[in-house]
Every structure is written in C-alpha cells, then in structure tokens.
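Let's take it one piece at a time.

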Amino acid sequence: MLQKEKEIGLQAVGMAMTMAAAIQKELTGGDTLTKTDRSPVTIADFAVQALVCQILGSHFPGLPIVGEEDSLALRRPENRELFAKVIHYLKKNDAPMREKEICDSIDLGGAEANGTFWTLDPIDGTKGFLRGEQFAIALALVQDGRVLLGILGCPNLLPATGGTLFWAGHGQGSWKIPAAGGQAEPIRISAKTDPRQMKFVESYESSHSDKDMQLEISRRLQISSPPEQMDSQVKYGIVASGLADIYLRIPNPATPDYREKIWDHAAGSLIVEEAGGWVSDIDGKKLDFSVGKTLRRNHGILATNGRVHSRVLEIIANLAIQK
Ligand code: AMP
Ligand code: MG
C-alpha cells in the first residue's frame, strides 16, 4: 500500500536533508528574511520546498501539495542575492533548476487542503535551524482528514549517520532509517508506566507554548528531570522511538488566536501513533486534519506513550478549572 508514495517521499526528504544540513553549516546573516507574520524564512526553506515539490510533482502530477512557503518574497528584486544562493545549493545537490522552475515548484505547494493531498513543512523549526540545533523536514500524505503516510527527516538526530529518517504508514507501523543508508528498523514508544521515571519534551521557543503550565504539569506528575526543550517535530520522533514519553504543547496565553498548522503535526502524529503512542489535543480530542490548513477544531497538542495520556489530560482539566 502506498509503496510508490513512500519510496519517492523518502527519496525526496532524504535529498532535502543532505542539502539542508549543508546550508545550516554555511548559513550567514543574509540568508534569512522575515515573513509578514514576523517569523523567519531562510534559503533552506525555499530550496527544500522547490526540491521536494519538484520531485513530488513529477512523480504524482495532479496530487495537490500544501506547503508552508510561497515564492513571493524570492521574486523581489531586493532578494536577488538570496535567490542566487537557492540556485547554488539546488545545483550543488544534483537538482539544477532555473529561476522560473524554482518559483513554479515552490508554488506547486500552494494548493488547498482538500481531499487527498501532500502537506510539507520544508524546514520545521526554522528558529532551531538558525541556532544550529534541531529541525525537521516534514512530509505527510493526507486523505479526507486521515494521515496515511508520514515522513520526518531529522538531520541533527544522530548526525554521525547522516541524521535520522522516520516514516510511518497507516497500519504499517513506524520505522527509522539512518539517512546515510542502512536498514530500516521498527520503532516503539517506551513501556514506562511510572510517570516519575518519564521524560517530558516541549518546544525550545517559549512563545510557542505555555511553559509555566507545562512545568506545573510535570511537577504534578512528579517527573524528576526538568522538561527537555527541543525544536520541531523531532519531538514526535523522540517520543515514537521511546527516548521521551510526553510531548506537551499547551497554547501560549499571549497568542490565543494562534491555530496549529497541519504541516507542523501531520507526519509527527502518525509516527507516534503507529509506534504505539497516543496523540490528541489537550481536551483529549483527536487531531482533525479535515478542516483546511489549520487544526482549528483542536486546542494544543499532547503526544505520549499512551500510559500517562489520561492522567495528563486529567491534570490539565483540573488546572483549567482552578484558573
Ligand atoms: P516548535 O519547534 O515545536 O516550537 O514548533 C515550531 C512551529 O511552531 C513553527 O513551525 C510554527 O508554525 C509554530 N508556531 C509559531 N508560532 C506559534 C505559537 N504562537 N504557538 C504555537 N506554535 C507556533
Ligand atoms: Mg513548522
């Protein structure tokens, strides 16, 4: 099932990982722009979206792609130097493309999130990418609101093996592959049942969640080590492979209108579920990928090894009542 989608998806994300890792090492101040929502976008975001969309578009013409980026800023005359770098890195990574082809490929990612579609976050955790830390290339195939396939490329997770590629297919389990080549291995969530022994992960960026509340929850669970901070969907990969047990993302009260984006959760959530874990929002509702580009019917995110899921939801509900 979905054999070709899986193979081409893994190939595209694998190539993108190599390119993104090289760009991260050589990154300079001029390689970043600020978007209208004030979030950063780099030459790597553009180059990865161009590369992945070009590959997906050539193998699956007509299958829509919902990507995070568009080419508008890249086309501006004042960003010519930045564009030249995108061209340079694509060429260096065996994907030579002309300017128009790059823009067209990036804009292939401008589809609406309806029916069956790919969703792509070319660089998830751009702020981590800029700090030289964790980031992920996230690709998922969604059909009528259900995630069928999820692929996460994590160049800085075991970098000595070229990074780690995770993939999961609905009903096919979750797998990890050393990106430099090697056997795929099945992954499982941890078997821990005692919350005190568990590891808790959250965003590095304090504006992306409510860290005070998360700390209070980890205290009430009597978790001995403090929450570990990490950028991007690498957190889902860590929970899926049993290296952490709880990933919590409580909406930050400073941005009450923020809605989670589908490309930030589709791949990672399937990888945790297929590894035996549970994913819901903080009210215990399943993530609803059927309502467009955001998870507007959900509120925050909770991914666990399953064993503590209801306990964490209960603590959240109690804290909400006390507020
Ligand atoms: P992380 O690295 O887990 O913190 O997640 C990075 C993602 O957080 C980015 O891709 C953004 O889409 C998303 N993000 C940006 N602003 C917010 C916010 N106010 N609340 C939650 N997530 C956000
Ligand atoms: Mg993202």
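Start with charge: the chain carries 36 positive and 40 negative side chains, and the centres of the two sets sit 2 Å apart. Here Lys and Arg count as positive, Asp and Glu as negative, with His and the chain ends not counted; each charge is placed at NZ of Lys, CZ of Arg, CG of Asp or CD of Glu.

Keep in mind that this is a predicted model, where local features need pLDDT of at least 70 and side-chain atom pairs count only at pLDDT 80 or more, while totals for chains, interfaces and linings use all residues. Residues are numbered from 1 along each chain as its sequence is written, chains are lettered from A and ligands numbered from 1 in the order in which they are written, and side-chain values use heavy atoms, leaving out hydrogens and water.

Now the overall build. You'll find 10 helices and 14 strands in the chain (DSSP runs, H or I of at least four residues for helices, E of at least two for strands, numbered from the N terminus). Of its 323 residues, 56% count as buried, meaning under 20% relative accessible area with a 1.4 Å probe, protein chains only. The C-alpha trace spans about 55 × 40 × 40 Å along its principal axes.

What coordinates the magnesium ion (ligand 2)? Asp121, Asp124 and Asp264 do, each through OD, at 2.0 to 2.3 Å (donors are N, O and S atoms within 2.8 Å of the metal, or 3.2 Å for Na, K and Ca; water is not among the atoms, so sites may look incomplete). Aspartate 121 belongs to strand β4 (residues 116-124), while aspartate 264 lies 143 residues away, in the loop between β12 (246-249) and α9 (266-274). Both aspartate 121 and aspartate 264 are buried.

Notes: Buried means under 20% relative accessible area, exposed over 50%, partly exposed in between (1.4 Å probe, protein chains only).
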